[in-house]
There are 2 protein chains.
Amino acid sequence: MQRMVTPIHSGNAPSATAATGVSPVFSPLYQQIKALLTRSLQSGEWKPGELIPSEAELALRFGVSQGTVRKAIDELAAENLLLRRQGRGTFVSTHHEEQVKFRFLRMVPDSESGQALRMQRQFLECHRMRAAADVARLLAIKPGDMVLEIRRILHIGGEPLVYEDIYLQGAPFRGLTAERLERYQGPLYALFESEFGTRMVRAEEKIRAVSAGPQEAELLKVPVGQALLSVERLAFSYGDQPAELRRGLYSTAHHHYRNALS
Amino acid sequence: MQRMVTPIHSGNAPSATAATGVSPVFSPLYQQIKALLTRSLQSGEWKPGELIPSEAELALRFGVSQGTVRKAIDELAAENLLLRRQGRGTFVSTHHEEQVKFRFLRMVPDSESGQALRMQRQFLECHRMRAAADVARLLAIKPGDMVLEIRRILHIGGEPLVYEDIYLQGAPFRGLTAERLERYQGPLYALFESEFGTRMVRAEEKIRAVSAGPQEAELLKVPVGQALLSVERLAFSYGDQPAELRRGLYSTAHHHYRNALS
DNA sequence: GAGTGGTCTAGACCACTCC
DNA sequence: GAGTGGTCTAGACCACTCA
């Protein structure tokens with residue numbers, strides 16, 4: 001009933017492996033291919049920005065038709081894990097592309113004119129610490145495990161826009177230091193993927209409105225009591241593994257959080 | 001070079017219509033089919049909740065293969081315009097389904113337990129008026145054109161959660177009255193689609209943090225100056241036509257706005 | 001059992017990129 | 001021109017729903 005692809009084979013007819021009895025897993029071939037491709041991404045066989053083998057070659061490797069590989073790649077492309085370019089091939093998505101920059105930073109200026117937002121970063125903190133209970137729970141680690149905490153402010157046109165408190169699992173980000181952060185130009189997620197092999201794939205955010213306390217007011221240069229957006233983001237890496245917790249305060253005086261419901 | 005599907009025909013080979021010279025429009029067949037299907041949805045040939053013809057029948061009608069129809073339907077299903085159900089057929093999406101209720105209302109309780117949110121609606125206002133300049137611009141109508149304004153509060157467990165100020169184009173919603181709103185059980189968008197033939201398909205939201213003024217504080221039963229989410233939503237109907245403007249204030253004391261970045 | 005969408009295959013040609 | 005993804009077709013069988 002169920003055809004498994006794990007050992008390479010090349011049967012043509014569907015339902016060629018029913019001999020063993022009840023199938024333990026029940027998923028279409030293209031889902032199995034998709035899982036195999038994801039595994040190659042996760043293991044680092046193909047790194048962000050790199051070209052993966054052609055559809056024809058993958059079809060040969062897995063012993064399935066090109067159409068089946070195509071459907072698997074289609075879904076991975078829809079999830080922004082892969083990027084197809086006609087005539088060139090299929091590439092592993094990366095946070096280094098211009099176009100992707102606004103997928104995770106949703107703040108846009110109220111004036112809808114050209115949003116050539118030149119952003120300045122100011123790092124306040126970068127140190128290792130033991131994870132508190134709530135942080136550990138969200139990152140799926142044990143309380144007391146080592147985490148890396150980064151605090152920073154994003155400025156735009158000299159004005160503070162975002163204050164963020166970022167928590168990363170300690171182990172994968174061993175070599176990450178304040179100097180490293182200062183030196184690197186570009187999005188944090190680009191640094192994470194290039195230097196530490198952790199690519200953020202998707203995220204969930206919880207948004208609230210809060211009043212600025214004394215410290216926050218000073219950091220964002222707003223009056224105490226000013227209404228701010230509180231954004232808690234949990235970002236996931238390849239295997240839906242939580243990899244980053246981010247607590248942000250956004251000043252919405254001249255910018256807003258843009259969202260599309262579809 | 002380009003095959004047009006407008007007049008029904010049944011050629012097998014691609015590139016069967018190059019005789020006329022340079023093709024004016026340049027789009028794949030399945031996109032043309034998709035446009036035709038969208039037109040049938042827009043014209044009301046198939047109404048929300050109804051079953052559309054089978055893939056085979058559509059393929060016959062348009063003179064293309066079933067695979068081509070399938071690809072067109074795939075995209076429409078991905079955009080939530082159609083809903084496929086194996087063994088039963090393809091249906092026009094509707095706001096009457098339980099599952100869809102949280103696609104446009106993004107507030108969820110902070111306690112992640114069972115979110116059996118029983119919501120009470122309180123309508124404050126429902127009247128016709130002339131559109132102000134900003135409302136007219138967003139709704140793509142002329143300033144001074146008639147619009148319908150609805151104001152309401154959503155309560156949960158007796159506590160006010162959302163205050164909304166809603167603007168609709170006057171013409172399509174001619175018969176909408178306060179009594180009609182009171183009598184109808186279920187989401188507003190379900191009422192709009194069932195009774196007025198306007199189905200909201202997607203929306204864009206701009207989110208800010210604001211402080212409650214005196215009136216807003218009283219409506220939402222919060223202290224003056226309390227931080228609230230300000231959500232401005234522009235909702236679009238079938239042809240990407242703006243159909244509703246909604247300005248909301250959300251109380252985030254015990255709930256938050258949930259968002260997925262992917 | 002008839003009808004529907006879902007999967008899989010095989011092969012053809014098109015559009016695009018790069019050498 | 002070679003190689004890639006993109007489109008289109010035709011036909012087979014599977015999984016599911018319902019009468």
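Biologist: Which residues does R233(B) touch, not counting residues up to four places away in sequence?

Modeller: A contact means that heavy atoms lie within 4.5 Å. By that criterion R233(B) touches L261(A) and, in chain B, F104(B), L105(B), Y189(B), A203(B), E204(B), E205(B), E244(B), L245(B), R246(B) and Y250(B). Please bear in mind that this is a predicted model, in which local features need pLDDT of at least 70, side-chain atom pairs count only at pLDDT 80 or more, and totals for chains, interfaces and linings use all residues, while side-chain values use heavy atoms, with hydrogens and water left out. Residues are numbered from 1 along each chain as its sequence is written, and chains are lettered from A, and ligands numbered from 1, in the order in which they are written.

Biologist: Is R233(B) buried or exposed, and which side chain does its own side chain join in a polar contact?

Modeller: Buried means under 20% relative accessible area and exposed over 50%, with partly exposed in between, for a 1.4 Å probe and protein chains only. R233(B), which is found in strand β8 of chain B, has 4% relative accessibility and so counts as buried. A polar contact is a pair of N or O atoms within 3.5 Å; within protein, one must be able to donate a hydrogen and the other to accept it, and residues adjacent in sequence count only if both atoms are side-chain atoms. Here a polar contact of 2.8 Å joins the side chains of R233(B) and E205(B).

Biologist: Where is E164(A) placed, and with which side chain does its side chain make a polar contact?

Modeller: Helices (H or I, at least four residues) and strands (E, at least two) are DSSP runs, numbered from the N terminus. E164(A) is placed in strand β6 of chain A, residues 159-169. With a relative accessible area of 3%, E164(A) is buried, and its side chain makes a polar contact of 3.1 Å with that of R246(A). Leaving aside neighbours within four places in sequence, the residues in contact with E164(A) include I150(A), R151(A), R247(A) and Y250(A).

Biologist: How many bridges join β6(A) to β9(A), and how many residues of β9(A) are buried?

Modeller: Two strands pair if DSSP finds at least two bridges between them. β6(A) and β9(A) run antiparallel and are joined by 7 bridges, one bridge pair being Y167(A) and L245(A). Strand β8 of chain A, residues 227-236, is also antiparallel to β9(A), with 8 bridges, and A235(A) stands opposite E244(A). Strand β9(A), residues 242-250, is mostly covered, since 8 of its 9 residues are buried.

Biologist: How many residues lie between β8(A) and β9(A) in their hairpin, and which residues other than glycine have a positive phi?

Modeller: Most residues other than glycine have a negative phi, and most peptide bonds are trans. The hairpin of β8(A) and β9(A) has 5 residues between the strands, and D240(A) in the turn has a positive phi of about 60°. A140(A) has a positive phi near 60°; A140(A) sits in the loop between α4 (133-139) and β5 (146-156) of chain A, and is exposed at 59% relative accessible area. K221(B), with a positive phi of about 55°, lies in the loop between α8 and β8 of chain B and counts as exposed at 64% relative accessibility.

Biologist: Which residues of helix α2 of chain B are buried, and what covers them?

Modeller: In α2(B), residues 55-62, the buried ones are E55(B), L58(B), A59(B) and F62(B). They cover an arc of only 105°, taken from the directions from the helix axis to the C-beta atoms, which puts them on the same side of α2(B). Their cover includes α1 (29-43), α3 (66-78) and β1 (82-85) of chain B. Just after α2(B), G63(B) takes a positive phi of about 70°.

Biologist: What rotation and shift superpose chain B on chain A?

Modeller: Two copies of a chain are related by a rotation about an axis and a shift along it. Copies are superposed by least squares on the C-alpha atoms of residues with pLDDT of at least 70 in both. Here a rotation of 180° with 0.0 Å of shift along its axis superposes chain B on chain A, with an RMSD of 0.1 Å. That is the relation of a two-fold axis. The same surface serves both copies, as 100% of the contact residues of chain B recur in chain A.
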